[in-house]
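The following paragraphs lead a new reader through selected parts of one protein structure. The sequence and the structure are shown first.

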Amino acid sequence: MPHSKTIRIGTRGSKLALWQAEHIASLIKPSGYTTEIIPIETRGDKILDVSIAKIGSKGVFTEEIEAKLLDGSIDIAVHSAKDLSSDIPEELELVAFTERELVNDVIVSTNKNIKITSDKLVVGTSSTRRVAFLKHFYPNVKAVSIRGNLQTRLSKLQAGECDALLLAYAGVHRMGYDDLIVDKIETSYFVPAVGQGSIAIECHKKLSFEKKEIIARWVNHPQTEICIRAERAFLKTLHGGCSIPAFGYAHLDGDIISLKAGIISLDGQRVVKVKRSGTPEEVKELGEAVANEVLTIGGEQILKEIRQQL
């Protein structure tokens, strides 16, 4: 693999993905390395008329980018951490996670009077987790499938396909649409997806030590990394892909990391949720323990039913 002073960054081609790649490039810049951004189209970007669950739960937004890492066309891949599959190829590794934005889901609308509790609200989302949580907590809401990048979804909102969109705060904020946020949903019950709010950096294990050091030093946020490693250990043990309505959110308070995670049935009727704490040195064990408890107290049955339905 090349050892030049340029780091080639692979990314999806949407405005948000390119913003994220530019952000990583700006973090790397003080190191003295230059960067080159290489946009790559993924299956999830090409197929917009069916749900993510129907395309296949693994690597919908990452497979083509990972292929470029494997063949050496790029040095690092930039992903929304929540889009990453729980299992990544053996030859690859995650080397950095950026400082997390607010992890909340938000309601976005051009109608300022809308709230999540509004009667007969039609909300657009492509996430099985969000749909299930809406059914569970807000039976007043009708969820409709809205796919595509943020700008595509906003144009569908403006065309009247829904009253509001349910999105991650991070993407809305990064694209400068804060003024369209009409409601913020608390994470205490509407638990986010694993990794939500952070940008993950993936590379080949054989990438030069110097480049890995640069990424670790200039891009990685250690506290965020600890939290997301715990969440990802949970998801990996659960064997959850991005079409499974699993959720997980860890936060660090001094020397204690707390992880709240679980799974919800597609109809929103049953939620299995576990909260445990540990030390930052035990993130893998913490994630695994939470997942095993979730599976034992009803999560396994929910997972089995979900796999039959998807």
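Predicted model: local features only at pLDDT ≥ 70, side-chain atom pairs only at ≥ 80, totals over all residues.

Leaving aside neighbours within four places in sequence, K5 is in contact with G32, Y33 and T34. K5 itself is placed in the segment before β1, the strand formed by residues 6–11.

Is T224 buried or exposed? With a relative accessibility of 6%, T224 counts as buried, because the limit for that class is under 20%. When residues up to four places away in sequence are not counted, T224 touches F97, T98, E99, R100 and S198.

Rolling a probe the size of a water molecule over the atoms shows where empty space is left. In the second largest pocket this space comes to about 450 Å³. The pocket is lined by 19 residues, and those closest to its centre are S86, R229, R232, K236 and K284. Two or more lining residues are given by each of the elements β4 (92–97), α9 (222–238) and α10 (283–309). Of these, helix α9 provides the largest share of the lining, namely six residues. What classes of residue make up the lining of the second largest pocket? Nine of the lining residues are charged, eight are nonpolar and two are polar.

The last stop is a sheet. Three strands form an open sheet in the order β11-β12-β13, and their pairing is antiparallel. At the edges are β11, residues 246–253, and β13, residues 271–278, each of which pairs on one side only. From one strand to the next, the twist averages 10°. Strand β12, which covers residues 256–264, pairs with β13 in the antiparallel sense over eight bridges.

Methods:
Residues numbered from 1 in each chain as written. Heavy atoms only, no water. Pairing = 2+ DSSP bridges. Helix = DSSP H or I, 4+ residues; strand = E, 2+ residues; numbered from the N terminus. Axes fitted to C-alpha atoms, helices over the stretch in contact; angles between N-to-C directions. 1 Å grid on protein atoms, 1.4 Å probe; cavity = no way out; pocket = protein on both sides within 12 Å on 5 of 7 lines; lining within 4 Å. Points joined across faces, edges and corners; volume = space filled by probe spheres on them. Nonpolar A, V, L, I, M, F, W, Y, C, P; charged D, E, K, R; others polar. Contact = heavy atoms within 4.5 Å. Buried < 20%, exposed > 50% of the residue type's maximum accessible area, 1.4 Å probe, protein only.
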